[in-house]
Amino acid sequence: MQMTFRWYGSNDDKIKLSEIRQIPGCKGIVGALFDIPVGEVWPKERIAALKMQVEDAGLKLEVIESVNIHDDIKIGLPSRDKYIENYIQTIRNLAEYGIKVICYNFMPIFDWVRTDLAYELPDGSTDLAFEHKKVEGDPSDIIKSVEDSSNGYVLPGWEPERLAQVKQLFKDYSGVDEEKLAANMEYFLQAIIPVCEQVGIKMAIHPDDPPRPLFGLPRLFKNREDMLRIVKMYDSPYNGFTFCTGSLGENPKNDVPALIREFGDKIPFVHARNIKFLTDGDFHESAHLSSEGSLDMYEIMKALHDVGFDGYMRPDHGRMIWGETGRPGYGLYDRALGITYLNGLWEALEKGSDKPNKPSAVHSSAQ
Ligand code: CS2
Ligand code: MN
């Protein structure tokens, strides 16, 4: 397992690579070129520069989150072929610089959705929360609340240029139901996965967050059935999942460790985080520790260990603690605490994995 940390680049992240380097056991960065408009090819020089910057700081850059998918591909417009060609060129360019995993999502219009970006917990920290009542109305209410509480940061998936076109996007998606969206995803995967197989990059789709349809838009990655369908679209180790424990865990019907055991060989990248259920499908995010949330992080890590997980992991959204201000979900301190906890669980699992032999060893030394 390689522990990593998501970083938004020196222009957009006030966290420094030198600070990330000091998190014990953190080996790499999960990065992206956030300023390249979706649909355009990522130039080699830009990838090379990012890679060099990360390596100069003593870290690795082997995971990209995300290379986003142009809406024309998701809607299935004739222009999709051009955007797929660009995507393929980006894959090839990234492979030249040693990238091993690309995380992406196939959510229409919105990426993740939360209704509160600074939900206050009893200990005075804040985190992200979701209340389903607030997404029953017009999406413009949510857009406004995200804009008002993002501390001036542009949140991935909520870029102002994108939000400006939301009304038009809803019109463009009007004929796209779940079946159509699935067919468009299959078309995309059929085109790109053969290239990934050639150049050695694993694609890892992120679950829909929250894992349910929103604002009448279909969603394709919510549960086990969806995962089976995605595997069937192109069955290859290069067509894999970003296993985001928090996103899938937001639906209490998803048995997170069981999904890991079932799809273990298709998981090159894990987002490990906890959430706490409120009532009626509402939840807030929590510190990573099992006792702070509703997910059993030990069981999750154990399932990963049992399936021989040897991919990349990162803590996911953290709380804002110790007076830190920054991009909601992406501060330094709580994510660093998350890493330390996850590494602790992992070390215990590694050292305990020869457990069956231990009692007899004790016995023989006592004789
Ligand atoms: C999510 C997403 O994991 C996360 O932080 O909130 O923004 C995720 O990065 C994308 O859906 C992946 O494409
Ligand atoms: Mn995630």
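Are Lys 222 and Asp 226 buried or exposed? Both Lys 222 and Asp 226 are buried. Here buried means under 20% relative accessible area, exposed over 50%, and partly exposed in between (1.4 Å probe, protein chains only).

This is a predicted model, in which local features need pLDDT of at least 70, side-chain atom pairs count only at pLDDT 80 or more, and totals for chains, interfaces and linings use all residues. Residues are numbered from 1 along each chain as its sequence is written, chains are lettered from A and ligands numbered from 1 in the order in which they are written, and side-chain values use heavy atoms, with hydrogens and water left out.

**View 1. The manganese ion (ligand 2) and its donors.** His 206 (NE2), Cys 244 (SG), His 271 (ND1) and Asp 316 (OD) coordinate the manganese ion at 2.2 to 2.6 Å. Donors are N, O and S atoms within 2.8 Å of the metal (3.2 Å for Na, K and Ca); water is not among the atoms, so sites may look incomplete. Along the chain, the donors follow the spacing H-x37-C-x26-H-x44-D. Cys 244 sits in strand β8 (residues 239–244) and His 271 in strand β9 (residues 269–272), so this pair ties together parts 27 residues apart in sequence. Helices (H or I, at least four residues) and strands (E, at least two) are DSSP runs, numbered from the N terminus. Cys 244 is buried at 0% relative accessible area. His 271 is buried, also with a value of 0%.

**View 2. Surroundings of ligand 1.** The ligand is surrounded by 15 residues; Glu 65, Ser 66, Asp 111, His 317 and Tyr 330 are the closest. A residue counts as near if one of its heavy atoms lies within 4 Å. Oxygen atoms of ligand 1 meet polar side-chain atoms of Arg 6 at 3.1 Å, of His 206 at 3.0 Å and of Asp 316 at 3.3 Å. The protein covers 99% of the 340 Å² of accessible area that ligand 1 has on its own. Areas come from the Shrake-Rupley method with a 1.4 Å probe; for residues, only the protein chains shown count as cover.

**View 3. Salt bridges.** The whole structure holds 26 salt bridges. Each is a side-chain nitrogen of Lys or Arg within 4 Å of a carboxyl oxygen of Asp or Glu. Lys 222 pairs with Asp 226, with the closest N and O atoms 2.9 Å apart. Arg 314 and Asp 316 meet at 2.9 Å, N to O. Arg 314 is buried at 0% relative accessibility, and Asp 316 is buried at 1%. Glu 285 and Arg 273 form a salt bridge at 3.5 Å, N to O. That pair links strand β11 (residues 283–285) to the loop between β9 and β10 (275–277), 12 residues apart. Glu 285 and Arg 273 are both buried. A network of salt bridges includes Arg 6, Glu 65, Arg 273, Glu 285, Arg 314 and Asp 316.

**View 4. Backbone exceptions.** Most residues other than glycine have a negative phi, and most peptide bonds are trans. Glu 65 and Ser 66 are joined by a cis peptide bond, with omega about 0°. Ser 66 lies in the loop between β3 (60–65) and α3 (71–75). The bond from Asp 209 to Pro 210 is cis, with omega near 0°. Ile 109, not a glycine, has a positive phi of about 60°. Ile 109 counts as buried, at 2% relative accessibility.

Conventions. A polar contact is a pair of N or O atoms within 3.5 Å; within protein, one must be able to donate a hydrogen and the other to accept it, and residues adjacent in sequence count only if both atoms are side-chain atoms.
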